[in-house]
Every structure is written in C-alpha cells, then in structure tokens.
Amino acid sequence: MRPIVTQLPSAQDLSDQILHHLTHTQGRGPEFATIFDWRLAISYTIRDQIVTPWMRNHRTSRNQGLKRVYYLSMEFLIGRILGDAIINLGLDQQMDAALDILDLDKQAILGDEPDAALGNGGLGRLAACFMESLSTLGVPAYGYGIRYEHGLFRQRFEGGQQVEAPEDWLNQPHPWEFVRVDYSYEIGFKGHVETVDGRTVWHPGESVIARAYDTPVVGWKGRWANTLRLWGAQPTNLFDLHRFNSGDHAEAAKPEALARTLSRVLYPDDTTDSGKELRLKQEYFLTAAALQDILRRYMDEHGDDLTGLPDKVAIQLNDTHPAIAGPELIRLLMDEHGYGFPEALQIARATLNYTNHTLLPEALERWSTWLMGRVLPRHLQIIEMIDAEHRTSTRRPGHVGILKDDQVLMGELAFIMANKVNGVSALHTDLVRSTVFYDLNKLHGEKIVNETNGVAPRRWLRMSNPPLAKLLDATIGTEWTGDLDQLRLLEPHATDPAFLDALHAAKRQNKVALSQGLLADLGLKADPDALFDVQVKRMHEYKRQLLNILETIALWHRIHESPNGDWTPRLKIFGGKAAPGYWLAKSVIHLINDVAATINKDPVTAKYLQIAYPPNYNVSMAEKLIPAADLSEQISTAGKEASGTGNMKFTMNGALTIGTLDGANVEIRELVGPENFFLFGLTAEEAAAEKAKPGHARAAIEKSENMKIALQLIAEGRFGRAESYFSVLDRTWNDDPFLVASDFDAYFDSQRQVDAAYRDTRDWDRMAVLNIARSGYFSSDRTIRGYMADIWHVEPAPGL
Ligand code: TH1
C-alpha cells in the first residue's frame with residue numbers, strides 16, 4: 001500500500017483555521033469571542049484534521065471488505081475529547097504555539113469542555129479506552145451506545161451528605177458529533193405475535209426511531225479513526241393528529257413521551273441491576289438499532305447471504321446489558337430474512353461474544369418472564385427456543401438453562417449465545433470458571449478466556465501527566481506512547497540519582513498543582529511534601545472506603561496520643577459517587593466528610609494528617625488526581641473487584657499500591673515485584689471461609705484495639721451525631737459482609753510500613769520507577785491485541 005504522507009499543519013495554519021472557524025462557524029469576531037467560542041473554533045479545527053483519515057479509513061474498510069469489530073455497550077465514559085485528540089494527532093506543540101499567537105490560555109480552553117459522562121465507572125471507561133486502542137491499532141471498528149441527554153449525575157455535598165443534580169452536557173452545542181439523519185431505524189416494543197403461513201410476525205404496540213450520532217475516535221499518530229455511533233431516540237411520525245384533534249392530547253403525545261425518555265438519562269447504578277422496565281427498553285433500543293445497522297452494512301458490502309456474517313463481523317457484548325442481541329439477531333435472521341432456527345442460531349453464536357465484568361450477585365441481570373413477555377413478546381419465544389435447544393443438545397434437561405423460576409437469566413443467555421466468554425483479569429476469569437458459570441464451563445470448556453483489562457496510555461500518561469511524559473521522552477525516547485512495553489527501558493535508571501531527582505521533581509510538580517486546586521476549591525492547605533494517599537472510585541461497600549476512613553480515625557487517635565512522635569505527614573484523598581439509592585454507601589460519604597471536617601481543624605495533628613474529599617469525581621478529576629498520587633488504595637475484599645482499571649493508571653503514573661490480592665492487583669504485584677507493592681489482607685479463598693464463620697465481625701473487632709477505638713470515637717459522636725451513621729456501625733458489628741474488621745489490623749500495619757518506606761525518599765522513588773517501568777502490560781493496546789487473537793480473529797487494516 002502507498003504510504004500516506006500527511007503534512008502536519010503549522011502553528012500559523014492552526015491559528016488561521018481557528019480564526020476561520022471562529023468567524024464562519026461560530027459567527028463571532030475575536031474581539032467578542034468567549035472562551036466557549038474559542039473552544040468550539042479550536043475543536044472544529046482539530047476535528048477537520050480527524051475527518052480526513054476518518055473518511056479514508058472508512059473507504060478502506062468498505063472497499064477491501066475488511067472484517068469489523070462492533071463493541072456494544074450501554075456506557076462509554078469518554079470524558080473530554082479535545083485534549084486527547086490534540087495529543088493523538090501529534091499536534092500539541094503546534095497547538096501550544098498557535099494559542100500563543102492568539103494569546104489564549106490552553107488550560108482555560110480545555111477546562112471549558114464538559115465531560116461526556118455517559119458511564120458510571122470502570123466498565124464505561126474501559127469501553128472508551130478500547131475505542132481509542134482499536135483506532136491506535138488500526139482495527140476497523142464501531143462502538144455502539146446510547147446518546148444520553150443526561151450523563152452521570154453531578155455530585156455536591158451539603159452538610160457532608162451527597163446531593164445529586166442532573167448533568168446536562170448537551171445543553172450546549174457538542175462539536176464532536178455528526179448527526180446521520182439517513183441512518184434511522186424503527187425500534188418496536190410490546191404488542192403481539194402472530195403466525196401467518198408458518199411465518200412469525202411481531203406487531204409491536206409502540207415504536208421509536210433510533211437516530212445515529214457519530215463521533216470520530218482518532219488513534220495515536222492520527223493514522224486511523226473509528227466511529228463511536230450513539231443512538232438518540234426520536235418519536236415515530238405516528239403523531240396521532242386525529243386523537244389530538246378530538247381532544248385526547250395526552251394519548252396523542254405518547255410516542256413523543258416514550259422517545260424522550262428512552263435516551264434521556266443514564267442509569268446511575270454501578271455494579272447493581274435496577275430491574276426497571278425503562279432499562280430493559282434502553283438495552284433493547286441500543287441492541288436493536290446496532291444490529292439493524294450491522295446487517296445493513298454487511299448486506300451493502302457482501303450481499304444478502306447472511307451465512308457469511310461471522311467472517312466479517314465480530315460483536316462484543318459489554319457485560320449482559322446488550323445480551324438481548326442473541327434473541328434479536330435470531331429474530332432478524334428468522335422473521336426478516338427467512339432462515340430456519342438452527343441456522344440462525346449457528347450464525348448468531350459464531351458472531352457474538354460476551355465479557356463478564358463482575359461476580360456480584362446484585363449485578364447479575366435477570367428479568368421476569370412476565371416483563372420480558374410484555375415488552376419483547378417475540379424475544380421471549382426465541383429465548384424459550386434457545387433454552388430448550390441448549391437443554392436438549394447438552395443432554396442435561398433441567399440442569400443448566402436460561403429460564404429459571406419465571407426469570408430470564410441474562411448471564412446464562414449471553415454465555416450460551418456467545419462464541420467466547422471472557423473475564424477481565426486472571427483471578428476474575430478463574431472465579432468465573434469456578435463460581436457463576438461452573439456448570440456451563442463444564443459443558444463448554446473452551447469458551448471462557450481471559451483478557452486482562454488495560455488503559456489507554458495516551459490519555460492516562462501522555463496527556464494527563466506532562467511532567468512525567470516529558471521526562472520519559474527525554475530518557476527513553478517517545479516510542480513508549482504507542483508501545484508501552486518500552487517503559488522497560490527505564491529500569492536501568494532506577495539506580496541513577498539524577499534520574500530519581502528528576503522523577504521526584506515531576507511528581508512534586510503534579511502535587512503542587514493539585515494542592516493549588518484543593519486550596520481554591522476546598523480551602524484546604526496541603527503540604528506538597530506529604531504523602532498523597534488516594535482512593536478514587538465509585539462508593540461501594542466491597543471497595544471498602546470504610547476501611548480506609550476507619551484506619552484514618554485510628555491513626556488520628558494514635559497521633560494524638562504522642563503528638564511529638566515522628567509521624568509521616570499524609571494527605572488522604574477520597575473521590576467518588578454513590579448510586580442515589582444506595583443508602584449505606586451514602587452514609588460512608590457522610591462519615592468521611594464529617595471525619596474530614598473534624599480532623600482538618602485539629603491543630604494538634606494538622607502537620608501530620610489532612611483529608612480531602614473533592615466532590616463530583618469524574619474522568620477530568622481523575623486526570624488531575626492520579627498523576628499527583630504517591631499511594632494508590634486498592635483495598636477491595638478479595639474476590640469482589642473483577643479487575644479494576646484505576647489501579648493500572650496509578651501504577652503507570654508512579655504511585656505505589658497498597659492493596660489486596662484482588663482483580664488485576666494480583667497481576668500488578670507480580671509484574672512490579674512483590675517488594676514494590678504493599679500487600680495485606682485475606683485471599684479470596686480465605687475471605688470466603690472467613691465470611692462463613694458465624695460471628696466473624698464481632699470476633700475480629702474484639703481482637704483489634706485500633707478498630708475498636710475508631711468505632712468508639714464514631715459512636716461517641718466525635719465527628720457528628722452518631723445516629724447519622726448508625727446503619728454503618730450496626731452493619732459493621734453484626735454482619736460486615738465485606739470483612740472490614742477481619743482485614744483491619746493487617747491494613748493498619750501495612751500503612752505503617754508505607755509510612756516508613758516513604759521517609760526513605762530515594763528508595764521510594766526507586767520503587768516508583770520500577771512500578772512505571774513494569775507497567776507496560778497494562779496498556780489497553782495489549783488488551784485489544786488479546787481480543788483480536790483469541791476472540792475476534794481480526795487483523796489491523798493492511799499497512800497498519
Ligand atoms: C466494573 C468492575 O466492577 C471492575 O472491577 C472492572 O475493572 C470494570 O468493570 C471493567 O472491567 C463493572 N462495572 C459495572 C457496571 C454495571 C454492571 C456491572 C459492572 S462490573 C452497570
């Protein structure tokens with residue numbers, strides 16, 4: 001293939017184009033332009049640079065009939081786009097110079113972009129990193145999701161308690177999307193099913209239009225760009241004028257009301273199934289629109305014979321949320337294209353794959369057959385056929401199946417319909433085999449594979465940590481950005497004092513910047529030389545923010561006992577949202593804020609201990625906090641965190657981890673070396689055994705002086721009225737399902753080892769270098785290569 005010579009625009013070109021867009025797209029002269037106007041002009045200028053490879057790649061895939069990957073996900077937690085696009089296009093220096101010419105403040109411009117928060121946490125952010133890596137590797141791919149008008153809610157604290165406010169990123173023009181009015185599909189719900197001449201026809205009782213909104217996703221060096229296609233709901237044209245004229249306005253507006261609610265808001269539950277009818281409709285809306293689009297494109301390119309579908313199409317289901325894809329694809333093949341059930345089943349099975357992201361029972365989706373039959377009557381019939389076929393073909397009637405106790409088990413459905421099923425870390429995949437899918441794994445031994453998660457180094461290192469990126473470039477060259485294994489070249493520098501000084505200075509620069517932000521936003525005066533100890537993630541009992549805050553209280557008490565002791569100064573940083581209905585998680589937020597209020601104003605301990613809990617943790621905040629962290633808290637109850645991806649970002653940015661043997665922590669520890677990782681706590685196996693012991697909580701608390709003190713201080717009302725956290729205290733004493741008490745002393749002791757280690761600055765920095773140098777495995781490029789080889793059987797486009 002002819003190499004594509006792309007001339008990068010100069011700073012002057014960029015500034016000319018920005019002024020052009022400011023005038024001709026924004027309709028504003030420079031003298032009246034706001035930050036917003038400038039940001040849009042700059043975004044259009046950068047977008048122009050992406051559109052060229054995007055269209056070229058599109059043609060290549062089509063003309064050469066390349067196999068494509070389709071990633072179906074209810075969540076894409078994208079964050080801001082502009083800064084990442086500039087980096088990926090390799091235009092950062094030119095853009096800096098262009099902004100100098102125009103006398104604009106880059107941080108103010110980038111900071112003006114709202115986060116696209118179309119996801120809850122790790123699962124949605126993983127989908128976004130995967131889209132970037134697919135483009136970086138030049139794999140033809142589409143991401144399919146929902147264009148939620150309101151992303152994840154905004155979090156405020158009032159009296160220390162979480163208050164939710166709607167998020168409205170689409171209240172202002174979004175410069176990155178292209179509306180495709182011509183790609184619109186009708187999506188039906190409810191109604192009845194009829195058989196005419198042996199052919200089944202579903203007559204939906206209501207319907208909406210799914211309209212495509214495309215965002216280009218550009219990869220490293222701008223060589224390839226894929227499409228994130230988000231579906232927005234539009235009312236069908238069935239507006240009932242007759243009804244309206246006869247005065248029945250409510251009834252006439254129904255199609256509009258359904259359309260408005262479908263893509264209105266993201267469900268704010270992370271790792272919990274809400275079981276609501278609207279959620280099932282959203283899942284079907286995404287899936288049905290995506291499948292119609294995939295089949296249309298396939299038939300355009302390869303004709304009407306759909307038996308070849310698996311050769312050109314690999315579909316990945318991001319958890320069970322789009323698992324209705326199995327029945328829907330069979331329905332399309334049978335009812336719309338005339339295939340028989342066995343053939344349709346075979347085609348669908350060869351095309352679909354399923355990623356499991358959690359073992360938590362509350363996250364495993366199940367729908368009552370009643371609801372499924374009402375919303376998707378034809379699909380319930382097909383699910384019954386799949387279930388019956390599976391029971392017969394595996395000769396295990398009544399053993400393992402999709403339908404159980406009048407419920408449709410979506411995990412079982414996804415598993416049975418998938419060619420490959422994958423877990424997201426080595427430990428998690430083992431547990432998938434031995435627990436949730438124990439029976440199915442015995443029947444289909446080859447189906448389950450592991451693909452350990454990863455994160456995009458362009459966003460999570462080069463973009464978010466300029467001081468470190470610059471040091472890496474100067475030390476090992478720039479190739480690490482597209483080939484993260486090259487970080488290995490740093491290892492010899494771990495003993496080089498000059499390099500260690502430079503690394504220390506880079507980290508300190510990030511800590512100073514963060515301190516300035518904390519002062520401005522929270523009025524907190526942080527000492528940049530204190531140990532920055534960070535736990536940022538969704539608030540959930542299994543993630544054990546409670547363990548962290550109880551340890552903080554116990555430490556505070558110990559410092560009080562000997563205020564002239566030689567304590568290591570620490571800033572404890574928390575960040576994260578609780579699902580609005582998750583009362584226990586919300587009372588942990590309340591507790592952390594109350595403890596922070598008390599400890600931060602204590603003059604006796606002020607030098608040694610501070611707590612910061614900035615509200616509204618999101619992707620953009622992660623980009624500031626992670627590069628400034630010394631210590632990464634990954635302290636979930638072993639066996640509960642499927643993988644974690646924040647843990648990888650911290651390691652890459654030179655934080656050391658204090659953590660349990662859970663999820664990808666296991667692999668992080670093996671790779672960076674056990675001597676460079678602070679391990680504590682029960683293993684998954686030990687934890688399961690401990691939980692089974694009656695009275696384990698009380699027994700563990702009785703044994704731990706430090707835990708008792710912490711609980712007692714709370715109960716005494718030292719941080720606020722004890723009644724506020726009664727449910728948390730009661731659960732800890734009497735149930736403690738996530739073993740905070742059993743792991744408390746081990747955690748406390750491990751933290752004291754952290755204190756000691758941090759005082760030896762040289763050695764700490766040496767360990768940080770080794771963490772960075774050995775983190776290359778956690779690039780999502782490596783993960784995507786794994787999916788390509790083991791699951792999708794696709795190649796990059798020729799020449800990439
Ligand atoms: C998360 C897992 O909890 C986390 O361990 C993992 O790193 C991440 O997925 C990516 O693999 C999950 N998020 C959700 C969200 C919902 C349902 C299940 C999960 S599992 C809504």
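Strand E4 (residues 141-146) is largely enclosed by the rest of the structure, because 6 of its 6 residues are buried; buried means under 20% relative accessible area, exposed over 50%, and partly exposed in between, with a 1.4 Å probe and protein chains only. Please keep in mind that this is a predicted model, in which local features need pLDDT of at least 70, side-chain atom pairs count only at pLDDT 80 or more, and totals for chains, interfaces and linings use all residues. Residues are numbered from 1 along each chain as its sequence is written, and side-chain values use heavy atoms, with hydrogens and water left out. Helices (H or I, at least four residues) and strands (E, at least two) are DSSP runs, numbered from the N terminus.

**Strand E4 and its partners**

- Both faces of E4 are covered: Ala141, Gly143 and Gly145 are buried on one side, and Tyr142, Tyr144 and Ile146 are buried on the other.
- E4 pairs with strand E1 (residues 68-72) in the parallel sense, over 4 bridges; two strands pair if DSSP finds at least two bridges between them.
- Tyr70 has Tyr142 in E4 as its bridge partner.
- Strand E11 (residues 225-235) also pairs with E4 in the parallel sense, here over 5 bridges.
- Within that pairing, Ile146 has Trp231 in E11 as its bridge partner.
- As background, strands of a sheet pair through backbone hydrogen bonds, either parallel or antiparallel.

**The E8-E9 hairpin**

- Strand E8 (residues 192-196) and E9 run antiparallel and are joined by 5 bridges.
- The two strands form a hairpin with 2 residues between them, and Asp197 in the turn has a positive phi of about 50°.
- Val196 stands opposite Arg199 in E9.

- An open sheet is formed by 3 strands in the order E14-E16-E15, with antiparallel pairing.
- Its edge strands are E14 (366-368) and E15, each of which pairs on one side only.
- E15 and E16 run antiparallel and are joined by 2 bridges, and Lys404 has Gln407 in E16 as its bridge partner.
- Asp405 sits in the loop between E15 (403-404) and E16 (407-409).
- Although Asp405 is not a glycine, it has a positive phi of about 50°.
- With 64% relative accessibility, Asp405 counts as exposed.

**Around the ligand**

- There are 17 residues around the ligand, and those that come nearest are His357, Asn453, Glu641, Ser643 and Gly644; a residue counts as near if one of its heavy atoms lies within 4 Å.
- His357 has a polar side-chain atom 2.6 Å from an oxygen atom of the ligand.
- Glu641 likewise has a polar side-chain atom 2.6 Å from an oxygen atom of the ligand.
- The protein buries 97% of the 470 Å² that the ligand exposes when taken alone; these accessible areas come from the Shrake-Rupley method with a 1.4 Å probe, and for residues only the protein chains shown count as cover.
- By class, the shell around the ligand holds 5 nonpolar, 8 polar and 4 charged residues. Ala, Val, Leu, Ile, Met, Phe, Trp, Tyr, Cys and Pro count as nonpolar, Asp, Glu, Lys and Arg as charged, and the others, Gly among them, as polar.
- At least three residues of the shell come from each of domain 1 (65-80 + 115-453 + 784-792) and domain 2 (457-778), with domain bounds taken from an automatic or database domain assignment.

**Buried residues elsewhere**

- Glu623 lies in helix H24 (residues 619-625) and, at 12% relative accessibility, counts as buried.
- The side chains of Glu623 and Arg459 are joined by a polar contact of 2.8 Å. A polar contact is a pair of N or O atoms within 3.5 Å; within protein, one must be able to donate a hydrogen and the other to accept it, and residues adjacent in sequence count only if both atoms are side-chain atoms.
- Asp736 is in the loop between helix H30 (726-734) and helix H31 (740-759).
- Asp736 is buried, with a relative accessible area of 4%, and has a positive phi of about 45° although it is not a glycine.
- Trp54, in helix H2 (residues 35-63), is buried with a relative accessible area of 5%.
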